[in-house]
Structures are given as C-alpha cells and as structure tokens.
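Let's take a walk through this model together, starting at a metal site and moving on to the packing around it.

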Amino acid sequence: MITALLLDLDDTLIDDKGAMASGILSLRAKHCLAQGMNDAELSERWDSIGRALWRQLDLGEVSFEEQRRLRIKNTFALDLSDKAIDSLFADYLHCYEQHWRSYTYTEQFIRESAHLPRAIITNGHRPQAHKKMAALGLNKHFPTVVTPDDCGARKPNPEIFLHTLKLLGVAPENALMIGDNLEADIEPAKALGINVFHVDHTKQGRTVFDVLAQL
Ligand SMILES: [Mg+2]
C-alpha cells in the first residue's frame, strides 16, 4: 500500500525543459547570437550540452561555475572573457526564470494527492529549487524538499532516497517515487524496493496526473 510520495521536480511537476528552451531562445534574440541556427537546433544543443556537463559535474570533472561557462561557450562557439560569459549566463538565468511553468495537470495532481505525505527530491541547488517552488506556488504543498545540499548526495546515489524516506517516516515498500529520469529517479528507487512511476511526457498515460489512478 502506498502511503507516501517522493517526487522529482524538474520535468515531473515543472516543464523545466520548456523553460530552458524558451530561456536560451530569449537570450539568443537579446544578444543576436547564433543567427544561423534554427530554434529547435539551438534549444536541443543547449539541452544536450547542458546534460553532458551535468554528468561531468556529477563525476567531479568540472566545477559548478565551469559547467555554466562551458555551456555558453560551447553552445554559441564563443571565445570571451569569463566575466563576459558569466554576465551572459546571469542574463540566461533571468530569461529562464521568466519561463518557469508547472504542467497543466500539476495542480490537480497536488490537490488529489494531498491526503498523502509528499516530499520533493531534486538534484537542483537548494536556493534555486526553493525559489522555483515559491515562484510557482508549490512550496506550500511540499514542506519537505530534499536537495544534495541537504544530505550530501545526488540522485542516483541511494543516500538521498534513504534520507527522504527517513524524513517521511515511511518504509520503501510503502513509498512511490515519481520522476522522469530513468537513471536518476527510477532505477535507484527500484533498487531500494521503492515503488516507481516513470513520467514520460511523450507518451499517453505517463504524467503525474496518471499516477492518481494508482493511489
Ligand atoms: Mg527530472
């Protein structure tokens, strides 16, 4: 029996991929960058370069600051000073934040699962995760938010899941992990005996709304 929910944030409750794509297109327009690239090509490039750098960040191959700089430099093939790149990244963050949106079904999911204890479990930086949740009004529904800053471990490290289960006071077999990332959310949770629901926005019946039928 499911008595508690563990939820990923980005691309599970919030359309983060969409916000990143809109954010980078706004930055490009503002600074007249990469004029030869079409919108889809640029947003895909920003996404794939970002994800590859996050993996390197997880492995300790680049610092948090370096991955941000490399993401801008490699996406736009720019050779600028660190200061100029940092300023572009700060501008990107501003554009990105303007496009934060929950999915249309997030609100209904939150309302109809309110009877269960719920925790957000995200690899985002704590200040950023809290800022995002507050901006979208999600913070009042999720008093428990676990980030690597809170427990010293990033998904898929089992420690972050165990820490969250402990906070909720729930056994793995009574918890349900809901997330869009197989490697970071689903496989490690399953290995701990937690029930799982893999969110996939490209498939019908695979959003958080569809989880409600299982509760
Ligand atoms: Mg996610």
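A residue is called buried when its relative accessible area is under 20%, exposed when over 50%, and partly exposed in between, using a 1.4 Å probe and protein chains only. Asp8 has 5% relative accessibility, so Asp8 counts as buried. Bear in mind that this is a predicted model, in which local features need pLDDT of at least 70 and side-chain atom pairs pLDDT 80 or more, while totals for chains, interfaces and linings use all residues. Residues are numbered from 1 along each chain as its sequence is written, and side-chain values use heavy atoms, with hydrogens and water left out.

Asp8 is also one of the protein donors of the magnesium ion: Asp8 (OD), Asp10 (O) and Asp180 (OD) lie 2.1 to 2.2 Å from the ion. Donors here are N, O and S atoms within 2.8 Å of the metal (3.2 Å for Na, K and Ca); water is not among the atoms, so sites may look incomplete. Along the sequence, the donor residues follow the spacing D-x1-D-x169-D.

Now for the packing. A nonpolar core is a set of buried Ala, Val, Leu, Ile, Met, Phe, Trp, Tyr and Cys residues joined through side-chain atoms within 4.5 Å. The largest one has 23 residues, of which Leu7, Leu13, Phe109 and Ile178 touch the most other members. A second, separate core of 18 residues includes Ala19, Leu42, Ile72 and Trp100.

Leu42 is also among the residues touched by Arg28, where contact means heavy atoms within 4.5 Å. Arg28 counts as buried, because its relative accessibility is 7%.

Terms used: Lists of a residue's contacts leave out its neighbours within four places in sequence.
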